[in-house]
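The tour below goes stop by stop.

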Amino acid sequence: MAENKFDFESLQDCESIKGYLEALVKGIDNKRIIFSTEQEEIVLNPNGLMKLTIKAKKKETKNRISIKLAWTEERKKLSAQNMAISSI
C-alpha cells in the first residue's frame, strides 16, 4: 500500500496554534481529520484505541512540546461466505 504523507511547518502566533489544536480535537470527536494545503491533502479517520505520546523539553531559552498520536485503522470485517468441499 502506498504511503500518504503530509508535512507542514511555519511560524504561528498562539491564537493560530490554538485554532489548529481545537480543530484537531473536533476532528477526533468526529473521527475524521483533514490536513490540507494548496498542494496536498490527507484524510485520517481516528477510531478505537490511540497511542498518545507527550514530550516536553526546556533548555535555556528554547522550549519544545511534542504531541504524537498513533493508531491502526480497523479493517472492514469480511462477511462470512458459504463454502462447500466434496469428493464427488
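Where is the place of E60? Select E60: it sits in the loop between β3 and β4. This is a predicted model, so treat each stop as a feature of a prediction.

**Stop 1**

E60 counts as exposed, because its relative accessibility is 73% and the cut-off for exposed is over 50%.

**Stop 1: the positive patch**

Now select K57, K59, K62 and R64. Together they form a positive surface patch. Colour the two strands behind it: β3 (51-59) and β4 (62-70) each supply at least two residues of this patch. Pick out K57, which is found in strand β3. Is K57 buried or exposed? K57 counts as exposed, at 56% relative accessibility.

**Stop 2**

A56 is exposed, with a relative accessible area of 70%.

**Stop 3: the nonpolar patch**

Select L52, I54, I65, I67 and L69. These residues make a nonpolar surface patch of about 530 Å². The elements that give two or more residues to it are β3 and β4. Which element gives the most to the nonpolar patch? That is β4, with three residues. Zoom in on L69, which is found in strand β4. L69 counts as partly exposed, at 32% relative accessibility.

**Stop 4: the aromatic pair**

Show the rings of F6 and F35. The count of aromatic pairs comes to one. The ring centres of F6 and F35 are 5.7 Å apart and their planes stand at 35 degrees, so the pair is tilted. What does the pair tie together? F6 lies in the segment before α1 (14-30) and F35 in strand β1 (residues 33-36), so the contact joins parts that are 29 residues apart in sequence. Check the surface at F35: this residue counts as partly exposed, at 31% relative accessibility.

**Stop 5: K31**

Move to K31. Its place is in the loop between α1 and β1. Look at the backbone here: phi of K31 is near 60 degrees, a positive value in a residue other than glycine. K31 counts as partly exposed, because its relative accessibility of 42% falls between the cut-offs of 20% and 50%.

**Stop 7**

Finish at P46, in the loop between β2 (41-44) and β3. Is P46 buried or exposed? P46 counts as buried, because its relative accessibility is 3% and buried means under 20%. The C-alpha atoms of P46 and T72 are separated by 8.4 Å. Along the chain, P46 and T72 are 26 residues apart.

**A last view**

The positive one is K57, K59, K62 and R64; the nonpolar one is L52, I54, I65, I67 and L69. Strands β3 and β4 each supply at least two residues of the positive patch, and β3 and β4 are also the elements that give two or more residues to the nonpolar patch. The loop between these strands holds E60.

Methods: Residues are numbered from 1 along each chain as its sequence is written. This is a predicted model: local features need pLDDT of at least 70, side-chain atom pairs count only at pLDDT 80 or more; totals for chains, interfaces and linings use all residues. Side-chain values use heavy atoms; hydrogens and water are left out. Patches are made of residues with over 30% relative accessible area and no salt bridge: like charges are joined within 9 Å, nonpolar side chains (Val, Leu, Ile, Met, Phe, Trp, Tyr) within 5 Å. Accessible areas come from the Shrake-Rupley method with a 1.4 Å probe; for residues, only the protein chains shown count as cover. A salt bridge is a side-chain nitrogen of Lys or Arg within 4 Å of a carboxyl oxygen of Asp or Glu. Lys and Arg count as positive and Asp and Glu as negative; His and the chain ends are not counted. The place of a charge is taken as NZ of Lys, CZ of Arg, CG of Asp or CD of Glu. Helices (H or I, at least four residues) and strands (E, at least two) are DSSP runs, numbered from the N terminus. Buried means under 20% relative accessible area, exposed over 50%, partly exposed in between (1.4 Å probe, protein chains only). Rings of Phe, Tyr and Trp (its six-membered ring) pair if their centres lie within 6.5 Å; planes under 30 degrees apart count as stacked, over 60 as edge-to-face and the rest as tilted.
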